[in-house]
Amino acid sequence: RLIMEHAMLIAILQANVGTEIGAFFLQNLGKKFDELHSQRQEIENKKLDNLLLLLCHLYTFKVYHCELLYDILYRLCDSFTPKDIDLILVILRSVGFTLRKDDPLALKQLIIRVQKLANEASDMKDDARVRFMLDVLLGIKNNNMSKLPGYDPTHAEHLKKIIKAMFRKGNYVTELKISLEDLLKADERGRWWIVGSAWTGPAPHTSEKDETMKNSLPAFSQEVLDLAKKQRMNTSNRKTIFCILIT
């Protein structure tokens, strides 16, 4: 419940302040997940469990789209160790029915993938975790809540109702449609989900026409030119218009 209430706070801030709040947490959580998962955690280590639980509750409050969670589920399927099975269960037991509601086709594909992995892994065919996970998946597929022991969405539903009273008038949580790859490569590609943070790669080579235009530019102070550069006015025409407007 404590993790759920922290996720609720982030959702409130995202609605009242801006999407950069949720984006900041998602990027850090995504990178931390990648780091911890790459280290092959022991089953007894609950760091990844808690991290995924926070991500699940952020999804509950619509901070981001289900695409990110499906990416994580497929990442866990790629390695499919006993710890990965535990983590898949953490996600399914927390938000499995919501995933089914938001994207049933993706859930169906996930079930097929997991069943195939379970059949191919001869050493896991009789594993209790695998059997339980398959039961949970089928329960979610058939909308059978009795297959999830201890599943109780009442507290989450209660928080969903009271959270609306904490939004400023006219505000709402803007759902971020971000993939796991977007989060992990944000430093290379830019944070396109935040206005003004997109990165388009290195500027194109200056053409002869641009050089001619550059030579014919009116004289502006270095301070103004530096400001134009800071605002990413990367062509002569843009730079000229910008300088004229602010001088």
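**Helix packing and local contacts in the predicted model**

Residue S79 lies in helix α4, which covers residues 67-79, in a structure that is a predicted model. When neighbours within four places in sequence are set aside, the contacts of S79 are with H37, R40 and D84.

Helix α1, spanning residues 2-16, packs with helix α2, spanning residues 19-38, at an angle of about 140 degrees, and their axes are 6 Å apart. Because angles over 145 degrees are needed for a roughly antiparallel arrangement, α1 is therefore classed as oblique to α2. At this contact, I10, L13 and Q14 of α1 meet T19, I21, G22, A23 and F25 of α2, and the residues involved comprise five nonpolar, three polar and no charged.

L13 also belongs to a nonpolar patch on the surface, formed together with L9 and V17, and the three residues have about 250 Å² of accessible area together.

Conventions:
Residues are numbered from 1 along each chain as its sequence is written. This is a predicted model: local features need pLDDT of at least 70, side-chain atom pairs count only at pLDDT 80 or more; totals for chains, interfaces and linings use all residues. Side-chain values use heavy atoms; hydrogens and water are left out. Axes are lines fitted to C-alpha atoms, for helices over the stretch in contact, and angles run from 0 to 180 degrees between N-to-C directions. Helices (H or I, at least four residues) and strands (E, at least two) are DSSP runs, numbered from the N terminus. Angles under 35 degrees count as roughly parallel, over 145 as roughly antiparallel, 65 to 115 as roughly perpendicular and the rest as oblique. Contact means heavy atoms within 4.5 Å. Ala, Val, Leu, Ile, Met, Phe, Trp, Tyr, Cys and Pro count as nonpolar, Asp, Glu, Lys and Arg as charged, and the others, Gly among them, as polar. Patches are made of residues with over 30% relative accessible area and no salt bridge: like charges are joined within 9 Å, nonpolar side chains (Val, Leu, Ile, Met, Phe, Trp, Tyr) within 5 Å. Accessible areas come from the Shrake-Rupley method with a 1.4 Å probe; for residues, only the protein chains shown count as cover. A salt bridge is a side-chain nitrogen of Lys or Arg within 4 Å of a carboxyl oxygen of Asp or Glu.
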